[in-house]
Amino acid sequence: MANTYHQMYIQAVFAVKYRKAVLHKDWRKDIFAVIGNLINETGCKTIIVNGVEDHVHCFLGLKPTVSISELMKTVKAKSSKYINDNNFLLDRFEWQVGYGAFSYSQSHINRVYKYIENQEEHHRKKSFKEEYLKYLDEYKIPFEEQYVFEDLI
């Protein structure tokens with residue numbers, strides 16, 4: 001074959017350190033736009049970025065030359081810097097270490113998009129922790145619950 005063809009859809013999910021509810025509604029959309037631009041700068045394609053006070057969902061088309069770990073490292077580092085440089089919070093902002101990455105087929109794009117688009121409504125009924133543990137179960141990812149989240153001591 002003379003060319004390389006690809007289409008990989010990934011949903012990446014990551015939380016504010018200690019799952020603190022600090023992504024305030026009045027500037028949250030700006031942060032999501034920054035995250036979307038950071039994804040696009042890597043050559044990947046942002047489909048939607050959304051979330052609530054304590055976590056973010058990024059749905060994207062992954063470029064095969066970009067590793068998910070490097071993408072998340074870049075997105076989280078640069079978006080944290082943006083939040084801190086713009087003094088959105090009184091305290092220093094940090095994302096929790098780690099992330100979840102889940103793959104989807106073409107037939108799931110609309111469903112995943114709508115799910116991410118309606119995060120505020122969805123989280124009136126279910127906490128982020130419940131949502132995230134459900135993803136791990138559905139994708140049959142082995143985990144020990146005590147190590148999934150960083151908690152305040």
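At a relative accessibility of 17%, His123 counts as buried, because the limit for a buried residue is under 20%. This value, like those that follow, comes from a predicted model. His123 is placed in the loop that runs between helix 4 (119-122) and helix 5 (128-138). When neighbours within four places in sequence are left aside, the residues in contact with His123 are Val52, His55, His57, Phe128 and Glu131, and two of these names, His55 and His57, are again histidines.

The cysteines were considered next. A disulfide is a covalent bond between the sulfur atoms of two cysteines, and in this model the count of such bonds comes to zero. Cys44 takes part in no disulfide, since the nearest cysteine sulfur, which belongs to Cys58, is 11 Å away, whereas a disulfide requires the two sulfur atoms to be within 2.5 Å. Likewise, Cys58 is in no disulfide, the nearest cysteine sulfur being that of Cys44 at 11 Å. Cys44 is buried, with a relative accessible area of 4%, and Cys58 is also buried, with a relative accessible area of 0%.

Tyr82 counts as partly exposed at 31% relative accessibility, and Phe88 counts as partly exposed at 24%.

Phe102 and Tyr139 form an aromatic pair that is likewise tilted, with 5.0 Å from centre to centre and 50° between the planes. Because Phe102 lies in strand 4 (residues 100-104) and Tyr139 in the segment after helix 5, this pair ties together parts that are 37 residues apart in sequence. Phe102 counts as buried, at 1% relative accessibility, while Tyr139, at 29%, counts as partly exposed.

Both Phe102 and Tyr139 belong to one aromatic cluster, which is formed by these two residues together with Tyr9, Phe59, Tyr104, Tyr115, Phe128, Tyr132, Tyr135 and Phe149. Phe128, a member of this cluster, is also among the residues in contact with His123. Phe149, another member, has the charged end of Arg19 sitting over its ring, 4.4 Å from the ring centre.

Note on methods
Residues numbered from 1 in each chain as written. Predicted model: local features only at pLDDT ≥ 70, side-chain atom pairs only at ≥ 80, totals over all residues. Heavy atoms only, no water. Helix = DSSP H or I, 4+ residues; strand = E, 2+ residues; numbered from the N terminus. Buried < 20%, exposed > 50% of the residue type's maximum accessible area, 1.4 Å probe, protein only. Contact = heavy atoms within 4.5 Å. Phe/Tyr/Trp six-rings, centres within 6.5 Å; stacked < 30°, edge-to-face > 60°. Lys NZ or Arg CZ within 6 Å of the ring centre and 35° of its normal.
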